[in-house]
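Please keep the sequence and the structure in view while reading.

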Amino acid sequence: MAIVRWFLGRLILLVNALIPVGGSIKRTPEAQVLVDRKTASLTLYEFKACPFCVKVRRGVKRLALNIETRDAKRCEKAREELLHGGGRVKVPCLRIEAENGDVHWKYESTDIISYLQQHFSIEQEQNAQHHAPSH
Ligand SMILES: N[C@@H](CCC(=O)N[C@@H](CS)C(=O)NCC(=O)O)C(=O)O
């Protein structure tokens with residue numbers, strides 16, 4: 001069974017490498033710096049060959065986000081962080097640290113992608129700029 005899982009994992013990684021992520025967001029360098037500042041408070045806990053993690057990583061790439069990833073399968077420290085912080089070793093899980101220091105652990109690939117789209121799609125960023133107070 002372990003060998004089948006290993007093989008499927010490699011297959012998922014291969015297919016992921018072969019199919020390009022289409023329609024990625026392109027930002028100006030200045031806009032990317034601002035987004036990078038926001039995503040510095042996010043950490044994605046994952047297993048490299050988990051299909052749900054691949055799905056989230058592709059979403060992250062499509063949104064051109066730089067999010068730190070931690071491998072909860074190979075790295076014992078990351079596994080412990082996920083278990084104690086989130087409550088269970090299930091991936092993908094996005095750790096979200098708010099400006100006031102509050103931490104939220106978001107499980108479920110679909111919910112993680114929705115959260116990222118809500119906060120980092122181009123439309124969202126343009127809306128935020130539009131409503132920002134002008135000086
Ligand atoms: N519905 C979840 C499924 C995630 C899932 O099943 N992840 C597996 C790895 S591929 C896992 O962490 N299993 C451990 C567990 O469920 O305790 C999602 O879309 O994120």
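## The surroundings of the ligand

The residues around the ligand are F47, C50, F52, K90, V91, P92, E108, S109 and T110, where a residue is taken as near a molecule if its C-beta atom, placed from the backbone, lies within 6 Å of it. Sorted by class, this shell has five nonpolar, two polar and two charged residues; here Ala, Val, Leu, Ile, Met, Phe, Trp, Tyr, Cys and Pro count as nonpolar, Asp, Glu, Lys and Arg as charged, and the others, Gly among them, as polar.

The model is a predicted one, in which local features need pLDDT of at least 70 and side-chain atom pairs count only at pLDDT 80 or more, whereas totals for chains, interfaces and linings use all residues. Residues are numbered from 1 along each chain as its sequence is written.

Most residues other than glycine have a negative phi, and most peptide bonds are trans. Against this background, the bond that joins V91 and P92 is a cis peptide bond, with omega at about 0°. P92 is placed in the loop between α4 (76-86) and β3 (93-97); helices (H or I, at least four residues) and strands (E, at least two) are DSSP runs, numbered from the N terminus.

Where is E108 found in the chain? E108 sits in the loop between β4 (103-107) and α5 (109-120), and its phi is positive, about 80°, although it is not a glycine. Because E108 has 15 C-beta neighbours inside 10 Å, it counts as partly exposed; a residue is buried if 20 or more other C-beta atoms lie within 10 Å of its own, exposed if 12 or fewer, and partly exposed in between, with C-beta atoms placed from the backbone.

A64, which is also not a glycine, has a positive phi near 50° and belongs to the loop between α3 (51-62) and β2 (68-71). A64 has 17 C-beta neighbours inside 10 Å, and therefore counts as partly exposed. Leaving aside its neighbours within four places in sequence, A64 is in contact (C-beta atoms, placed from the backbone, within 7 Å) with S24, I25, K26 and R27. A64 and F120, 56 residues apart in sequence, are 8.9 Å apart in space, C-alpha to C-alpha.

## The fold as a whole

The chain has six helices and four strands, which follow the pattern α-α-β-α-β-α-β-β-α-α along the sequence. Of its 135 residues, 19% count as buried, and the C-alpha atoms fill a box of roughly 60 × 35 × 20 Å along the principal axes.

The four strands form an open sheet of mixed pairing, in the order β2-β1-β3-β4, where two strands pair if DSSP finds at least two bridges between them. Since β2 and β4 stand at the edges and have a single partner strand each, one side of each is left without a neighbour in the sheet.

Definitions and conventions:
Two residues are in contact if their C-beta atoms, placed from the backbone, lie within 7 Å.
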